[in-house]
Protein chains: 2
Amino acid sequence: MLELTYRRSLLAVANLPPVAGFVKRFGWRLGVGRFVAGEDLDSAVAVLKRLDEQGLASILDLLGEFVASPEGVSAMVQEIETALTRLASAPQRAMSVKPTQLGLGLREGAIDTALKNARRLARRAQEAGARLCFDMENHPYVDGTLTIYRTLHAEGFDNVSTVLQSYLKRSLQDLDDLLALTPKPVLRLVKGAYLEPEQIVYRDLAQVDRLLREMIYRGLEAGAHIDIATHDETLIRETEAFVRGAKIPPEQYEFQLLYGVKPKLQQALRQRGHTVRIYVPYGKDWYGYYSRRLAERPANLAFVLRGLFG
Amino acid sequence: MLELTYRRSLLAVANLPPVAGFVKRFGWRLGVGRFVAGEDLDSAVAVLKRLDEQGLASILDLLGEFVASPEGVSAMVQEIETALTRLASAPQRAMSVKPTQLGLGLREGAIDTALKNARRLARRAQEAGARLCFDMENHPYVDGTLTIYRTLHAEGFDNVSTVLQSYLKRSLQDLDDLLALTPKPVLRLVKGAYLEPEQIVYRDLAQVDRLLREMIYRGLEAGAHIDIATHDETLIRETEAFVRGAKIPPEQYEFQLLYGVKPKLQQALRQRGHTVRIYVPYGKDWYGYYSRRLAERPANLAFVLRGLFG
């Protein structure tokens, strides 16, 4: 409960225009660079190279959420396309794309535009030998994102994946539906970090944890490829134990952690023989992503405050 | 390291005669009753009944370690026999016996006496429909205890079990040897709490944890019946995940916790569908057991100090 209150308060404060203005102006002094690889593609690629050297896989994410204009969408898609060509040179790389970047937030022709863009990027990713993940934003885009994923899956793309968030009450049903697909889907499972209406999410964080665990187990048991995207060390240990018990082959799952979060854990998991993929965000539109990181853990806010006043 | 220092210091202080004298005299005021069911069998049986009502299985333990005289051994064996007849009336009960109670600490004819007593008690337990566990004391009795277990196992007793302690460097090999038995053995796996010479135990507590986990997994994978006797909640969660992944049937394992330790966890595990067995010690010779409980967790010592001065 305290955690939830902290999270909601921080996100509420972060949404106040004067706060946003201040943070956007002084961002890099506020430790944004700890969580964001840089504002341009070159900085991001430099980070990917460093991760390669550390034996960590990566998934690149162009920051930018809730894109609402056709021009915005075109610019995003083009930039993602460029980024995908830069991935070509290295294995173990992937890219993440948000639903409104594809066009799902447009007032007209949203799903058609998004599908067309998704197909174009999936093809480009295929040429680059990279995976493309249809990431989630908040609840209004869940159906659209699932439609995009299912459509491309049905068209035979074997390099696409999507995301389910365990704090949404609908997700367990969504999971069961996706697990019925052939071939088995590739799914990133997360708790979820958007500020959502109370009716559609579980307010009890312990329930969100239990549900994510249940989803991970169910997905692995069904033979899906599961990306376990959490920093919850209990849940990670439980997943390791489950995987060992069920003799899940190492190719069938990976742990995903965010750039800058728990670097020791990233290395420890790698050393214990798991594939570890780091989610690397870059771009100018880092504000929303950054506030969610601070909202997630008081320790992250403490880090920023120490940097400011320490 | 700090933990280990705490444990060693507390046990060293507890071994000082004046300290022992004081605690033995004022025991029940020092909270001994939290960890020990009582000084006589009737008190113990009353506790067993309460556990029955709570849906918890039990394993009764007559306190008394390092018994060195033939008279002491006879008295112990007789008292354990009496206790076993009192178990007859209820299912889900078991009894634990220490190697020197059987006679392994005698100067002459130790192994023969111990084997004879073990056989006699195993038979009596069989008549009572109860399990008998050959518990461990410290390292000088490990070989003898394993011999007793193996002998009775070979004679066809299917109601006996024994214990391995993961802090002993030898235990992984002992486990592998026992897992080769047919039918598969019944083993209680613990970390170990005696003050042992440094050469034969792992000093690194994280290593002791890892090893216990490995032993649990290996035992379950091999099809042995494993009693997971630890209060380490991470390890318990990992075991739950492993069991789920490997689809280990509920009859093949149980969690064992000590009377008075983490009662909430005892109930939570039961509610999550596991068999939970409570280790219930009783008897006049509670001093060694009680000091090991205080040495295990600073929180337990804090409990006592609060009771004294609070």
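**Entry 1: where the chains meet**

I call two residues in contact if their C-beta atoms, placed from the backbone, lie within 7 Å. I am working on a predicted model, and I keep that in mind throughout. With that rule I looked up the meeting of the two chains: ten residues of chain A are in contact with ten residues of chain B. On the chain A side, helix α11 (residues 233-246) supplies the largest share, nine residues. I then sorted that side of chain A by class and found five nonpolar, two polar and three charged residues.

**Entry 2: the domains of chain A**

Next I turned to how chain A is divided. Domain 1 takes in 1-33 + 295-310, and domain 2 covers 37-285. Their centres, taken over C-alpha atoms, are separated by 24 Å. Six residues from domain 1 of chain A and four residues from domain 2 of chain A make the contact. On the domain 1 side, α1 (2-14) and α13 (287-296) of chain A are the elements that give two or more residues. Which of them gives the most to that side? It is α1(A), with four residues. By class, I noted three nonpolar, no polar and three charged residues on this side of domain 1.

**Entry 3: helix α5 of chain B**

I picked one helix to follow closely, α5 of chain B, residues 70-87.

Then I asked myself which residues of α5(B) are buried. They are B:Val73, B:Met76, B:Val77, B:Ile80, B:Ala83, B:Leu84 and B:Leu87. Because these residues cover an arc of only 125 degrees around the axis, they sit on the same side of α5(B). On the other side of α5(B), I found B:Glu71, B:Gln78, B:Thr82 and B:Thr85 exposed. I also checked what covers the buried residues of α5(B): the list includes α4 (41-53), β1 (57-62), β2 (93-97), α6 (99-102) and α7 (110-127) of chain B.

**Entry 4: the nonpolar core**

The largest nonpolar core has 174 residues. Those with the most contacts inside this core are A:Met95, A:Leu189, A:Val280, B:Met95, B:Leu189 and B:Val280. I took A:Val280 for a look around. Leaving out residues up to four places away in sequence, A:Val280 touches A:Ala37, A:Ala44, A:Val47, A:Leu48, A:Ser58, A:Ile59, A:Leu60, A:Asp61 and A:Tyr259.

Most residues other than glycine have a negative phi, and most peptide bonds are trans, so I went looking for exceptions.

A:Pro183 lies in the loop between α9 (171-179) and β5 (186-190) of chain A. In chain B, the bond from B:Thr182 to B:Pro183 is cis, with omega near -5 degrees. I located B:Pro183 in the loop between α9 (171-179) and β5 (186-190) of chain B.

For phi, I noted A:Lys247, where a positive value near 50 degrees turns up in a residue other than glycine. This lysine, A:Lys247, is in the loop between α11 and β7 (253-258) of chain A. Is A:Lys247 buried or exposed? A:Lys247 has 9 other C-beta atoms within 10 Å, so I count this residue as exposed.

My last stop was B:Phe66, not a glycine, with a positive phi of about 50 degrees. B:Phe66 is found in the loop between β1 and α5 of chain B. Since 17 C-beta neighbours lie inside 10 Å, B:Phe66 counts as partly exposed.

Definitions and conventions
Residues numbered from 1 in each chain as written. Chains lettered and ligands numbered in written order. Predicted model: local features only at pLDDT ≥ 70, side-chain atom pairs only at ≥ 80, totals over all residues. Expected span 1.5 Å × (residues − 1). Buried ≥ 20, exposed ≤ 12 C-beta atoms within 10 Å, placed from the backbone. Arc of directions from axis to C-beta. Nonpolar A, V, L, I, M, F, W, Y, C, P; charged D, E, K, R; others polar. Domains from an automatic or database assignment. Core = buried A, V, L, I, M, F, W, Y, C linked by C-beta atoms within 7 Å.
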